[in-house]
Amino acid sequence: EIPDEIAQQLDKTQGNLSRCLLELVVADAYGSGKINTAEVRQILQLPNRLASHAFLKRMGTYLNYDEAELKQDLQTLEDLKAQ
């Protein structure tokens, strides 16, 4: 628990303290493989996958790009070609 006066001071210097803490938790959870990019996007209410990637880059977190995501991207490309 953060004392109120310290929380207020951090909120003034860091911006929205709750959001900052949420972002740290999400970046750590993603980095340790507990959540995926879709869950990052959902939790942080980001508009798309690229925004999730930009967030993770800003946080210094490497992307966990696995075979399932590669297959999904390849399928999306095939779908787009077929249009």
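Me: The axes of α2 and α4 come within 10 Å of each other and cross at roughly 95°. Why are α2 and α4 called roughly perpendicular to each other?

Reply: This is a predicted model, in which local features need pLDDT of at least 70, side-chain atom pairs count only at pLDDT 80 or more, and totals for chains, interfaces and linings use all residues. Residues are numbered from 1 along each chain as its sequence is written, and side-chain values use heavy atoms, with hydrogens and water left out. An axis is a line fitted to C-alpha atoms, for helices over the stretch in contact, and angles run from 0 to 180 degrees between N-to-C directions. Angles of 65 to 115 degrees count as roughly perpendicular, under 35 as roughly parallel, over 145 as roughly antiparallel and the rest as oblique. The crossing angle is roughly 95°, and α2 and α4 are therefore roughly perpendicular.

Me: Which residues of α2 and α4 meet?

Reply: Glu-23, Val-26, Ala-27 and Tyr-30 of α2 meet Phe-55, Leu-56 and Arg-58 of α4. Contact here means heavy atoms within 4.5 Å. By class, this contact has five nonpolar, no polar and two charged residues. Ala, Val, Leu, Ile, Met, Phe, Trp, Tyr, Cys and Pro count as nonpolar, Asp, Glu, Lys and Arg as charged, and the others, Gly among them, as polar.

Me: What makes α2 roughly antiparallel to α3?

Reply: Helix α2 spans residues 17–31, and its axis crosses that of α3 at roughly 170°, the two coming within 10 Å. That angle makes α2 roughly antiparallel to α3. On the α2 side the contact involves Arg-19, Leu-22, Glu-23, Val-26 and Tyr-30, and on the α3 side Thr-37, Val-40, Ile-43 and Leu-44. These residues divide into six nonpolar, one polar and two charged.

Me: How do you know that Leu-22 counts as partly exposed?

Reply: Buried means under 20% relative accessible area, exposed over 50%, and partly exposed in between (1.4 Å probe, protein chains only). Leu-22, in helix α2, has a relative accessibility of 32% and so counts as partly exposed. Beyond its neighbours within four places in sequence, Leu-22 is in contact with Ile-43 and Leu-44. The C-alpha atoms of Leu-22 and Ile-43 are separated by 8.8 Å, although these residues lie 21 apart along the chain.

Me: Why are α3 and α4 called roughly perpendicular to each other?

Reply: Helix α3 (residues 37–44) and helix α4 (residues 49–58) pack at an angle of about 90°, with axes 9 Å apart. Helices α3 and α4 are therefore roughly perpendicular to each other. Helix α3 contributes Thr-37, Val-40, Arg-41 and Leu-44, while helix α4 contributes Arg-49, Ser-52, His-53, Phe-55 and Leu-56. Four of these residues are nonpolar, three polar and two charged.

Me: What makes Ser-52 count as buried?

Reply: Ser-52 lies in helix α4, and its relative accessibility is 0%, so Ser-52 counts as buried. Residues up to four places away in sequence aside, Ser-52 touches Thr-37, Val-40, Arg-41 and Leu-46.

Me: Does Leu-50 count as buried or exposed, and how do you know?

Reply: Leu-50 is also found in helix α4, and at 64% relative accessibility Leu-50 counts as exposed. The C-alpha atoms of Leu-50 and Thr-37 are 9.5 Å from each other, across 13 residues of the chain.

Me: What is the phi of Gln-45, and where is this residue placed?

Reply: Gln-45 has a phi near 55°, a positive value in a residue other than glycine. Most residues other than glycine have a negative phi. Gln-45 is in the loop between α3 and α4, and at 71% relative accessibility Gln-45 counts as exposed.

Conventions. Helix = DSSP H or I, 4+ residues; strand = E, 2+ residues; numbered from the N terminus.
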